[in-house]
Amino acid sequence: MKLHADRPDTMAITAHGEGWVAVNGQRHHHSIVVTPEGEPQPWSCSRLEDLTQAHFEALLPAQGPLPELVLLGSGRRLRFVAPSLLAPLLARRVGVETMDTAAACRTYNILAGEGRRVVAALLIEV
């Protein structure tokens with residue numbers, strides 16, 4: 001599916017498909033973390049079952065403002081992680097929404113286009 005960005009100065013998810021996501025036109029075939037600023041970063045997990053607290057701790061910036069919301073794209077279908085894994089985010093008052101990866105891509109673009117501090121952590125299943 002092709003998507004369109006509302007703000008040209010923001011990293012946008014421009015398309016997605018089975019086993020890939022495109023950010024500003026560049027395809028990624030591995031799990032990634034996308035923020036409105038900066039380049040997408042690899043996320044070292046391709047299966048929901050392998051996620052740990054460390055994966056979620058890595059979503060918090062070392063400095064600067066915290067995200068308002070983390071969108072967890074859980075892969076091809078909606079699946080939830082154990083609440084204990086989200087403890088690093090919840091302890092810092094960062095909201096978390098879980099949805100399938102396609103829905104997380106669409107939601108990210110809307111929120112980033114509004115200027116919100118959002119992070120999309122997208123599982124790309126291979």
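Is Arg47 buried, exposed or partly exposed? Arg47 turns out to be partly exposed, with a relative accessible area of 44% (buried means under 20% relative accessible area, exposed over 50%, and partly exposed in between, using a 1.4 Å probe and protein chains only). This is a predicted model, where local features need pLDDT of at least 70 and side-chain atom pairs count only at pLDDT 80 or more, while totals for chains, interfaces and linings use all residues. Residues are numbered from 1 along each chain as its sequence is written, and side-chain values use heavy atoms, with hydrogens and water left out.

Arg47 forms a salt bridge with Glu49, their closest N and O atoms being 3.9 Å apart (a salt bridge is a side-chain nitrogen of Lys or Arg within 4 Å of a carboxyl oxygen of Asp or Glu). Glu49 itself is exposed, at 53% relative accessible area. Both belong to a network of salt bridges that also links Glu18, Asp50, Arg76, Arg79 and Glu125. Within it, the side chains of Arg79 and Glu125 meet at 2.7 Å, N to O. Arg79 sits in the loop between β6 and α2 (87-91) and Glu125 in the segment after β8, so this pair ties together parts that are 46 residues apart in sequence. Arg79 is buried at 11%, and Glu125 counts as buried at 16%.

Leu48 touches Ser74, Arg79, Phe80, Val81 and Leu123, leaving out residues up to four places away in sequence (contact means heavy atoms within 4.5 Å).

Now for the sheet. Its 5 strands form an open sheet in the order β5-β4-β8-β6-β7, with mixed pairing (strands are DSSP runs of E, at least two residues, and helices are runs of H or I, at least four, all numbered from the N terminus; two strands pair if DSSP finds at least two bridges between them). β5 (41-42) and β7 (95-99) stand at the edges with a single partner strand each, so one side of each has no neighbour in the sheet. β4 (residues 32-34) and β8 (residues 118-122) pair in the antiparallel sense over 3 bridges, with Leu122 as the bridge partner of Ile32.

As for the inside, the largest nonpolar core has 20 residues, including Trp43 and Leu89 (a nonpolar core is a set of buried Ala, Val, Leu, Ile, Met, Phe, Trp, Tyr and Cys residues joined through side-chain atoms within 4.5 Å). β6 and β8 each supply at least two residues of this core.
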